[in-house]
Amino acid sequence: MKLEGYPKDVTLRDGVSMSIRPIEPDDAEALAAFYRELPGEDRLFLREDVTRPGWSEEFIRSVDFDHVFSLLAEDNGRVMGNATLYRSRHGWSAHVGEIRIAVARAYQRHGLGTALASQLVQHATSIGLEKIVAHVVENQAGAKRAFEKLGFHKDAVLRGHVKDIHGVTRDLVVMSSDVSHLWEAMAALMADYSPTMGE
Amino acid sequence: MPKSEIRIGGLGGQGVILCGYIIGRAAAIYGGKHATLIQSFGPEARGSACSAQMTISDQEIGYPYVTRPDILVVMSVDAYTQFAPQLKPGGVLLYENELITVDNRLPADVHALGIPATRFAEEIGRRLVLNIVMVGFFASTTGLLEFDAVERAVRDSVPRGTEDLNLRALRRGHDYGLEVMAARA
């Protein structure tokens with residue numbers, strides 16, 4: 001599916017230009033290579049074993065516009081970041097989306113994660129989601145700051161929920177951004193009553 | 001362009017007035033035409049009958065009330081029942097065809113064009129944008145407004161942050177209208 005507005009060029013804090021676009025079926029190999037090159041420590045915090053053969057093909061097959069929306073960030077054609085918005089297909093949390101982001105070490109702390117997250121937040125709003133969550137390990141200060149800049153706040157802390165590569169137990173912070181106010185504003189605009197009636 | 005008289009009817013909460021406001025804004029601000037809008041509401045904010053009367057013209061408009069509309073846009077059965085007999089013979093009825101069934105109360109030679117606007121809005125992500133789907137359908141079926149003008153009017157009128165979804169709703173209604181018109185040609 002071709003999405004309007006993509007590819008999108010973004011300039012990072014150090015002036016480096018990156019191109020962000022939705023993932024496509026042909027990207028399986030490039031995506032697998034990106035995750036293979038991530039340090040083991042970074043891969044440990046991912047929910048899936050991204051180095052498993054066939055993972056990237058399966059993942060790309062799962063991508064659609066509404067329930068799994070995934071972006072790649074490229075520097076001269078090389079994948080340097082991957083960000084995905086997940087939305088439940090049914091059930092009581094269908095109004096909630098979850099963001100997962102991975103950025104190559106060379107581009108961490110350069111604003112690439114923020115740029116990717118910002119695109120996903122815009123997309124989440126455009127498909128009508130009311131709440132967006134992201135999971136961040138307590139010592140990922142840069143990621144926490146990036147989400148805070150985008151209006152996320154700490155929603156919950158899961159104590160001792162993850163273990164890092166050295167076996168150290170760490171807290172997992174659930175950060176969230178509530179965008180339901182946008183839809184409340186839209187509903188108010190559509191209320192079809194006169195604010196001056198009866199005056 | 002001769003004067004076009006339009007009535008939009010539905011229930012409070014369906015965004016009937018916003019629908020009229022966007023059409024009027026597209027015509028007057030971005031389309032270089034003259035437009036008037038009169039709103040009427042029931043006493044309740046939601047669920048009561050609600051309608052907008054609009055006039056769009058190249059000339060200045062001296063009388064803004066609509067008695068026999070050229071175009072009727074309806075989003076509820078009650079609005080259809082009440083306003084359909086008032087349509088001018090040969091006029092255009094745009095209706096939500098999964099909520100409303102057209103019957104013999106329509107005047108002669110009316111062109112009735114239906115759209116499943118509620119379903120489209122739900123598929124896009126928010127039932128709330130049913131009215132924006134109708135605006136898109138209005139633009140492509142009546143030919144009174146350029147798509148660009150309506151797009152700009154939608155951008156101006158909806159809350160910041162909701163533009164993308166609203167514009168997708170607009171495009172969906174517009175494209176469906178083009179399909180309907182192509183099938184009739």
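Trainee: How far apart are the end C-alpha atoms of helix 6 of chain B, and what span should its 22 residues give?
Mentor: This is a predicted model, to be clear. Helix 6 of chain B runs over residues 163–184, and at 1.5 Å a residue it should span 32 Å. Its end C-alpha atoms are 31 Å apart, so the two agree.

Trainee: Which residues of that helix are buried?
Mentor: Among them are Leu165(B), Leu167(B), Leu170(B) and Tyr176(B). Arg168(B), Arg172(B) and His174(B) are on the buried list too.

Trainee: And what covers them?
Mentor: From chain B, the cover includes strand 6 (111–115), helix 3 (117–124), helix 4 (130–142) and helix 5 (147–157). Helix 4 (112–126) of chain A is part of the cover as well.

Trainee: Switching topic: what's the strand order in the chain A sheet?
Mentor: The order is 1-2-3-4-5-6-8-7, in an open sheet of eight strands with mixed pairing. Strand 1 (8–11) and strand 7 (153–163) are the edges, each pairing on one side only. Neighbouring strands are turned by 25 degrees against each other on average, ignoring direction.

Trainee: In which sense do strands 1 and 2 of chain A pair?
Mentor: Antiparallel, over four bridges, with strand 2 covering residues 17–22. Val10(A), for one, has Met18(A) as its bridge partner in strand 2.

Key: Residues are numbered from 1 along each chain as its sequence is written. Chains are lettered from A and ligands numbered from 1 in the order in which they are written. This is a predicted model: local features need pLDDT of at least 70, side-chain atom pairs count only at pLDDT 80 or more; totals for chains, interfaces and linings use all residues. Helices (H or I, at least four residues) and strands (E, at least two) are DSSP runs, numbered from the N terminus. The expected span of a helix is 1.5 Å times one less than its number of residues. A residue is buried if 20 or more other C-beta atoms lie within 10 Å of its own, exposed if 12 or fewer, and partly exposed in between; C-beta atoms are placed from the backbone. Two residues are in contact if their C-beta atoms, placed from the backbone, lie within 7 Å. Two strands pair if DSSP finds at least two bridges between them. Axes are lines fitted to C-alpha atoms, for helices over the stretch in contact, and angles run from 0 to 180 degrees between N-to-C directions.
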